[in-house]
Amino acid sequence: MGKRFMDLSWAEFEKLSYADKIPYFNRGEQAYHAVIAQQFDRGMLDRLCSLATIIRRIAKTPAGTEFLAQQLAHKRAMLYFSQPSSRTFLSFYAACQILGMNVSEVRDASTSSEMKGETPEDSVRTFSSYVDLLIMRNQVQGFAEKMAWLLSSTERPVPIINAGSGKDQHPTQALLDIYTLQRSFERTGGLADKNIVFVGDLARGRTVRSLAALLMLYPNIKQYFVAPEPLQIGKDILAQLDAAGVQYEVTTDFAKVIPLADAIYMTRIQDEWDKDGESKKIDTAKYWFTEQHLKLLKPTGVILHPLPRRQEIAVEVDRDPRAVYWRQVRNGMWIRTALMASIFGREQEIRAYPL
Amino acid sequence: MGKRFMDLSWAEFEKLSYADKIPYFNRGEQAYHAVIAQQFDRGMLDRLCSLATIIRRIAKTPAGTEFLAQQLAHKRAMLYFSQPSSRTFLSFYAACQILGMNVSEVRDASTSSEMKGETPEDSVRTFSSYVDLLIMRNQVQGFAEKMAWLLSSTERPVPIINAGSGKDQHPTQALLDIYTLQRSFERTGGLADKNIVFVGDLARGRTVRSLAALLMLYPNIKQYFVAPEPLQIGKDILAQLDAAGVQYEVTTDFAKVIPLADAIYMTRIQDEWDKDGESKKIDTAKYWFTEQHLKLLKPTGVILHPLPRRQEIAVEVDRDPRAVYWRQVRNGMWIRTALMASIFGREQEIRAYPL
Amino acid sequence: MGKRFMDLSWAEFEKLSYADKIPYFNRGEQAYHAVIAQQFDRGMLDRLCSLATIIRRIAKTPAGTEFLAQQLAHKRAMLYFSQPSSRTFLSFYAACQILGMNVSEVRDASTSSEMKGETPEDSVRTFSSYVDLLIMRNQVQGFAEKMAWLLSSTERPVPIINAGSGKDQHPTQALLDIYTLQRSFERTGGLADKNIVFVGDLARGRTVRSLAALLMLYPNIKQYFVAPEPLQIGKDILAQLDAAGVQYEVTTDFAKVIPLADAIYMTRIQDEWDKDGESKKIDTAKYWFTEQHLKLLKPTGVILHPLPRRQEIAVEVDRDPRAVYWRQVRNGMWIRTALMASIFGREQEIRAYPL
C-alpha cells in the first residue's frame, strides 16, 4: 500500500516535491495512479517493457488474443479527454480493447455537465462512479495529480492514468519512447552507452523533457540537444543532467551530430504554444531530416518521432528500415496495455502464458 | 401482451390520459417501453429495486460480472441523445456494458441525417433498425412517447427507454431516487412513515415532480416543499397529493424543517429554462445546505441531489456519511441495469444466481 | 494474392483504368480492399448475398448470435468518417458488433491531429496502426483508393472498406441495393428479366450510378431513368449500357412507367451539391411517389430508397408491403456483415454453421 492521500489536504499535497509525491502514486513496486514520468524507476520500466513485449507476442494468435481479452473483461475504463487528441486517445482505446475492458468516453466539453456549472472535480468524481479506471487528458497542468488526490480520498477510489496534462506531463509518451529505444537496441547491447540526439522544438515539447529525465536511469547515455536558440532545451533539464553527472551537448549543428547518433528523436515545432507567431520567424528548415541525411546515419541508428509530423521528416525517409516512428505508434499501444495490466495486477498471469 | 398501439393514430393516442396510456407501455406486470414515471406501480418499483440490489451484489466478483455480461450479450442498444448530457448518458452506457450489450450512440445532431432533411421519425426508425433497444433523450416533450407509438406500429418494434424528454419526463431519474431512498431507509423501517423534504427549484425540476408523484405509492410519507415563492412546486402536483390524501407542507423556512427530515432532496436552480434571467434576481442562498446544517440533521437523515450541483450543497458536506448523493450516482447505474434486464426478461435468471 | 501495389507509385496507380485496378483490390475471388463497386463480379455478388442471408438466419437465436460474435472477436475495426453520416456509420457499427469486432471511431476532424498540420496520409497510417480494418468515408474522390495503395505498401497493411468517397463511389450501398433487389425477387425468378426504374436526382446520386453499372451483370434487365432533364442520368452511364447491349429508356413520364416496374428506386434531390440553389427551380413534385401510385404498381413490384427521404415518398406508402426501403436498411447491415466476414476469410466457417 502507498501512503494515504487523505491525510493531506490538496494544498499540502500540491506543495510536495515529485520525489515526495511518488509514494502516493505508486503502490509498492508498481504504479497505481500513473500521473508523472518520474514515478517510474528503472525496475518498473524494465518490467513494463518486457511485459509489453510478451503481450505483443501473445496477441499474435487468436487464442492469445482471447486470453488477453479475458484479463480485464470485468472492468470498465473511461477516457476523459477534454483536449483534442486522436493518437493518444486511439492508442489507449485499442489498449483497453486488447485487455477486454469495456470503454466509454467523454471528449467534448459541450456535451458535459460543466455547462450546467458543475466543478471539474464533481464531473470527474461522477465519471469515476461508473468505471474502474479513468484515463484523462486535460489542458490544466497538475489536473491528473489533483484528481488522483481527490478520488483517493473518497469511498470508491479508482486509478487514474494521465494521458497528458498541460505542457508538463505525458508519462505514457515517455514510456513508449523508452520502450521504442529499448527495442531498437535489442541487438546492439540495449539502452546503455548510446548517443541520443533530440532535434527540433525542445523548449516546449513535454515528451522530450520527460524522456531526457528518464534516460538518466540508464548507464552512460550521452544526450545531444539540437535546436535553434529560442527553442533549446530548458535550463532546468540541463541542471538535472549536471546534478546526475550525465553527459550532454547543446548545439545548432545538426549535420555534425547525425553520424554520432544511435537514435535521433525528431520533434515538431509546437506553434500552438506561440504567443505571437514567434516560431514562424525561426528558420527551422535546417533541423529537418531529409533523405540525404540517411547516408550520414549509422546502419544501426534509428529515427524516432512522437508524431504528428509536418515537414521535419521527409516522407521519403519512411521506407528506410531505420525509420522506426511508425513502429513507435504500435509500441505506444503495447506499453499502455502493459501499464494497465500492471495496474490491475495481471502481470503474473500474463507472464505465465505459454508462448 | 399490452394493448396494440397500431389500433390508434398518433393523434388519438396523444390525447389519452397517462392512466389510459400505461397499458400500452407495460406488458403485463413489467415495462416494455419505459417512457413515463407513472407507469411504474408499487409492485414494479419493489421488484426493480430488489433486482438492482441483487445485480450490485453479483457484480462484486469477476465470475458474477461475467455472468451478468452474458445476460444481454446477444443484444445491441443505441443511445440517441440529441440533448447534451454526460451523467445520464454514461450511467446508461455503463448499465448496458454490465449486461454485455453492444452499444452505439448518436449524440450530435450535426452528424445525423437530420441535416439532409429527414424527419425525426424516419431517423429514429432507421436507428432502431440496427439495434434491439433505443435509449433516447430529446428536448421535445412527448417525443419518447411518440416514438414508442411509431415503432410499435412497424414490422420490427424495439423497446424505448426515455432518458429525458423536454421539461416533463425523466422516468429513470425517478427510479434511481426511489431506489436511493429505499436503500437509505433499509435499517430504519423502509420507505414508509418518513418526512421527505424537497429544496430548491421545485417549479422546473422534472425530477422533483416525478418523485413527488411516485412517493404517493408509499404509506404515510409527508412531503415538504422548501423553495422561494417563484420556484415553488406546481399547483398540479399539490392537487394530486390532495386527491390522494397525502400530507404535505409548503414553506420558505429551510432551517425549521431540517430537523424533521428523514431525507432532504436538494436541487439546482435550473436557470437554463429562464426566459429573462429571472432566477438571478431571487435570493437562493438561504436554500443552500451548508456544513452548519449537518448539526440540525437527524443521525439517520440523508441528503440527496440529482446532480450536477452548484453551490446548493457545500463541498465540505460530501464527507459526512449522511451525504448519499455520490452513492445515488451509482444507484442510477444499478437501477437502469435492473430496468433493462427486466425489459428483456432476464429477471428470473438473475434472481436465480447463487450468491 | 493480388498484385502488389508497391510496384507502382501512386501517380502510376491512379492513372490505371478501373479494370486494371481491380486485381489490386481483390485477392483471388474475394475483395480484400473494398473500394469500388466495379470490383465485384457476378460470382462475388452471389456469394455475398447468400452469405448475408445465412448470417441473418444464424442471428435469429442467441446461440447463433454468440457464434457470429466469435468470428472476428480477435479483430479491431476503426470507422474513420470525416464526412457526416449516421446511417452508413451505424450500419457498419452494427455489422462490426455482429461479428464481435472491437470498434473505435474517428468522426470529427476537430478532434484529430490534422489540426496539428498532419497530412491525411499520416493520419490514416496512424489510425491503421491500432486496428485490423479501416472503414472510411471521405469527401475526397479517390481517397479510399489512395489509402489502399498507401497501406498496402507498408509493413503492416490492413484492409480498407470505402464507406463513401466524394461524389463517386459508395460500393457497399451498391451491394445492399443488389441484395435488396435479389431478396425482393426471390419468389419471382430472381434478378433477371426485370424492369428497374430509377427516379429522382439521377445526375448526382452515386448510388444510382453504381447500381446501374452492377445491374449489367444480370441478364435481361431493362433500366428506366425517370428524372427532370437537368437531373438525368449521366451520358457516361448510358454509354456503358450501350456498349454492353443493355436495354434502357430515358423519360420524364413517371406515371407511364410505374405499371411496368418490377422495382422502383426512388432518390432524394441531392441539393447539397447545388452550386447556386438550381435544384429549387426544378419542379420535382411530379417525381414523388404518392399513395395514389400504389394502385398503378404491380402486386409483385417493390419500392426502394437509399434514404434519407424528404417528400419523394409519402409516409402513407410505408405501410404497403411493397415498400421495402425499411427492410433495405436492415439489408445494408447484413450485407456489410457478409463483406467483412468474407474479407477476413470466415465465409466457410459461417456457411458450415448448422441451421
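What follows is a walk through this predicted structure, from whole chains down to one residue.

First, some ground rules. Residues are numbered from 1 along each chain as its sequence is written, while chains are lettered from A and ligands numbered from 1 in the order in which they are written. As this is a predicted model, local features need pLDDT of at least 70 and side-chain atom pairs count only at pLDDT 80 or more, whereas totals for chains, interfaces and linings use all residues.

Let's start with chain A. You'll find 13 helices and eleven strands in it; these are DSSP runs numbered from the N terminus, with helices being H or I of at least four residues and strands being E of at least two. Take the C-alpha atoms along the principal axes, and they fill a box of roughly 55 × 50 × 40 Å. How does the radius of gyration of chain A sit with that of a compact globule? For 355 residues, such a globule would have a value near 20 Å, and chain A has 20 Å, so the two agree. (The radius is taken over C-alpha atoms, and the globule rule is 2.2 Å times the number of residues to the power 0.38.)

How much of chain A is tucked away? Of its 355 residues, 49% count as buried. Here "buried" means that 20 or more other C-beta atoms lie within 10 Å of a residue's own; "exposed" means 12 or fewer, "partly exposed" is in between, and the C-beta atoms are placed from the backbone. Next come contacts, where two residues have C-beta atoms, placed from the backbone, within 7 Å. Among contacts in chain A between residues at least 6 apart in sequence, 76% join residues at least 24 apart.

Chain A also splits into parts. Its domain assignment gives domain 1 (5-170 + 332-348) and domain 2 (172-330), with bounds that come from an automatic or database assignment. The C-alpha centres of these two domains of chain A lie 26 Å apart. Where they meet, 22 residues of domain 1 are in contact with 20 residues of domain 2. On the domain 1 side, helix H3 (42-58), strand S6 (160-165) and helix H12 (325-343) of chain A each supply at least two residues.

Now for how the chains are arranged. Two copies of a chain are related by a rotation about an axis and a shift along it. A rotation of 120 degrees with 0.0 Å of shift along its axis superposes chain B on chain C, with an RMSD of 0.0 Å. That is the relation of a three-fold axis. Chain C goes onto chain A by a rotation of 120 degrees with 0.0 Å of shift too, at RMSD 0.0 Å.

In chain C, helix H9 (residues 206-214) is mostly covered, with eight of its nine residues buried. Among the buried ones are C:Val208, C:Leu211 and C:Leu214. What covers the buried residues of H9(C) includes helix H8 (171-184) and strand S7 (195-199) of chain C.

Finally, find C:Gln83, in the loop between strand S3 (76-81) and helix H5 (87-98) of chain C. Is C:Gln83 buried or partly exposed? With 18 C-beta neighbours inside 10 Å, C:Gln83 counts as partly exposed. Leaving aside neighbours within four places in sequence, C:Gln83 is in contact with C:Arg137, C:Asn138, C:Gln139 and C:Gly164. C:Gln139 is 56 residues away from C:Gln83 along the chain, yet their C-alpha atoms are separated by 6.2 Å.

Key. Copies are superposed by least squares on the C-alpha atoms of residues with pLDDT of at least 70 in both.
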